[in-house]
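The following exercises are meant for a reader who is meeting this structure for the first time. Each task is followed by a solution in steps.

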Amino acid sequence: MTRDPRYDILFEPLAIGPVTAPNRFYQVPHCNGMGRVYPNAMIGMRGAKAEGGWGIVCTEQCDFLANGDASPYAETNMWDAGDEVYLGRMVEEVHRYGSLAGIELVHNGHDTPNLYSREIPIGPMHRPANWSLAPIQARAMDLADIREYRRAHRRAAVRARDIGFDIVIVYAGHDGTVPSHFLARRHNQRTDEYGGSLENRLRLFRELLEETREAVGDTTGVVVRFAVDEMMGPDGLEWHAEGREAVEMMAELPDLWDVNVSDWANDSKTSRFAPEGYQEDYVAFVKQVTTKPVSTVGRYTSPDAMVSAIRRGIVDLIGAARPSIADPFLPRKVEEGRLDDIRECIGCNVCIGWTQMTAPARCTQNPTFGEEWRKAWHPETLPPARADAHLLIVGAGPAGLEAARAAGLRGLRVTLAEAQEELGGRVTRESRLPGLAAWARVRDYRMSQIQRMPNVDIYRSSRLDADQILELGADHVAIATGASWRRDGCGRRLTSPVPGSDAAHVLTPDDILAGRRPPGRKVLLFDDDHYYMASVLGELLSAEGYDVSLATPMATVAAWLTHTLEHEANQERLHDAGVNLHANTTLLAVETGQALLHDSLRRREVTLPVDGVVMITARLPEDSLYHDVVQALDVTPDTGIRTLRRVGDCQAPGIIATAVYEGHRYARELGTDIDPGDVPFRRELHVIEPAMT
Ligand code: ADP
Ligand code: SF4
């Protein structure tokens, strides 16, 4: 297949100062939890993006001074010559496919408590370091510090050029770097030439930009990454006020304006809170005030939306982090006219969640993300299966669908049986909840793939039992029958059933998703899960007219959403929906007409009048079919079934990303001998120095 001419514009080269991007697909810097800590994994992942056609592939943030140490987060660093080898390998990997390599030079200023380096943090003024609420203060930079900082930035730019980077990014975004701290009035109370007027607050940023251009600009593209609006009204930069003025004051200085909104939570909004292209309104002015090319992000996954953003004069280049994680081969697929093969990001921020937990990122849509080097998993191709084996997969949730897709690609003969008429399992059900419609992409991508595979047969409305499975006599059987929410309240906090939880007016999320509702208007959601489910059920029931209370033993509602950057927006939404929030509160008993709770902050029991309770605490695997088959195979071993496995939630309930990963892993590794005692991936081992004398 060939490219549809309406996408030609996405494949026009673009000059960025002295270098030329081969197309308009720009993988902007993004954290990935690998960086300097797992450099081979990081290099493999960046290489996959270049292979997939991203014309520019950047590092994540790269800190260049020990007093701007991003630990415990796994970012890249370039503190001295010791960092040149791994960054050079990344450049080599990106160049191998003809893409440009970009590096984002960052110093997190007063944000970082410098947990590893133990250097004193620095910033425009004396103030506590931000991250981790660490009991550490940053000190105000004096003029000598500023000179030293500029010198280090310049040295880093030169080092980056010498390593082979084509683009150096000077970064004032996300409310998280020294130049953005200087720029923000709330962070900068200086009275010298670096404080006060916008011109003064912008001075350091301008100096960094000019010095970078002067140092490397004849051979290297100099890009500015800048947040034009901080989404905090007049308390921060606004696109129509100081945000615009700042761009006007430096309009022709960079080779590319890469503009967005800040902070990170606003820049990386989930699909629950913002649609594709949501930053356009904020950045649209930039092209009117500069002749330089402009780029932005906005979870663009549709080539039509990309073309439209260029044609409407908003941008010249499409920036993407999450869409490039979900599908490193997105540009190639557009180029080859394979739009149906695009694996669209669902905007869930699980990738960010793992990074925020200081772990290698994982992706709901792309199970190979981070495994390119570790497991030698290519994002698009799988090794052919050795024999024409027959695989039966029972259950077509995310695990079963991904197992079918991956096994189908390997050439196995696959039978996929699903009890329901609809495929997709929990993804289909949950995508009907408020704000989660994009999650259906997990199902839609996989269905569109397997429906075109002649070796995959799908049987809907086919609830199988053990006898039927044995009769089918497939070589391999995967049981992917999912999990169900517990009704008894057991979870993290409570380890024995809540008295009264067996009453008829106690429901689970499965009940709500199946259309059951509490018998009266007053409903209590007991959330010991701390992710999205209780909150979206709160939204749903509130919109249906229920009087909703939400109790959680944690000090804040939906605490894990801090990792996905949704916590604040979630809280606002619950507030707007009129949900009554009870933090530090544990459910003690469900009684007729009321719930008995314990408020651990005030150390007292509370009764709440309720007509129904929904338990959102934990899930249990639906594995009875698996055990039935195990038993049946004991009785009748001679069925032809060579392997039987539980896959996805049926093995251990988890997030959708885990089910997809486990489904993929199962299919990819089927037929290979992996000793369960071995580490199932390549490790990144440190070189140990000889003993000190
Ligand atoms: P996962 O996240 O592990 O994929 P889901 O709960 O989303 O799990 O999906 C499990 C799927 O398995 C559901 O669609 C369910 O209808 C299906 N299922 C459960 N039991 C059977 C069975 N006996 N036969 C066929 N399908 C089943
Ligand atoms: Fe998109 Fe979710 Fe994958 Fe992140 S984890 S890239 S948000 S699908």
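Helices, as the term is used here, are DSSP runs of H or I with at least four residues, numbered from the N terminus. The model is a predicted one.

**Exercise 1.** Determine in which helix Glu-662 lies, and decide whether Glu-662 counts as buried or exposed.

*Solution.* Step 1: Glu-662 belongs to helix α22, which covers residues 656-669. Step 2: buried means under 20% relative accessible area. Step 3: Glu-662 has a relative accessibility of 18% and therefore counts as buried. Step 4: apart from neighbours within four places in sequence, the contacts of Glu-662 are Val-647, Gly-648 and Gln-651.

**Exercise 2.** State how many residues of helix α16 are buried, and what covers them.

*Solution.* Step 1: helix α16 spans residues 441-450, and seven of its 10 residues are buried. Step 2: among them are Val-442, Tyr-445, Arg-446 and Gln-449. Step 3: residues three or four places apart in an α-helix point the same way, because there are 3.6 residues a turn. Step 4: the cover over the buried residues of α16 includes α14, β16, α15, β17 and also α22, the helix that holds Glu-662.

**Exercise 3.** Describe the surroundings of ligand 1.

*Solution.* Step 1: ligand 1 is surrounded by 23 residues, of which Ala-399, Glu-418, Arg-426, Leu-464 and Asp-649 are the closest. Step 2: a side-chain N or O atom of Asp-649 is 2.7 Å from an oxygen atom of ligand 1. Step 3: the backbone also takes part, with an N or O atom of Pro-398 at 3.1 Å from a ligand oxygen and a polar backbone atom of Ala-419 at 3.0 Å from a ligand nitrogen.

**Exercise 4.** Compare the backbone and exposure of Thr-358 and Arg-603.

*Solution.* Step 1: most residues other than glycine have a negative phi. Step 2: Thr-358 has a positive phi of about 60°, and Arg-603 one of about 50°. Step 3: Thr-358, at 33% relative accessibility, is partly exposed, whereas Arg-603, at 70%, is exposed.

Methods: Residues are numbered from 1 along each chain as its sequence is written. Chains are lettered from A and ligands numbered from 1 in the order in which they are written. This is a predicted model: local features need pLDDT of at least 70, side-chain atom pairs count only at pLDDT 80 or more; totals for chains, interfaces and linings use all residues. Side-chain values use heavy atoms; hydrogens and water are left out. Helices (H or I, at least four residues) and strands (E, at least two) are DSSP runs, numbered from the N terminus. Buried means under 20% relative accessible area, exposed over 50%, partly exposed in between (1.4 Å probe, protein chains only). Contact means heavy atoms within 4.5 Å. A residue is near a molecule or strand if one of its heavy atoms lies within 4 Å of it. A polar contact is a pair of N or O atoms within 3.5 Å; within protein, one must be able to donate a hydrogen and the other to accept it, and residues adjacent in sequence count only if both atoms are side-chain atoms.
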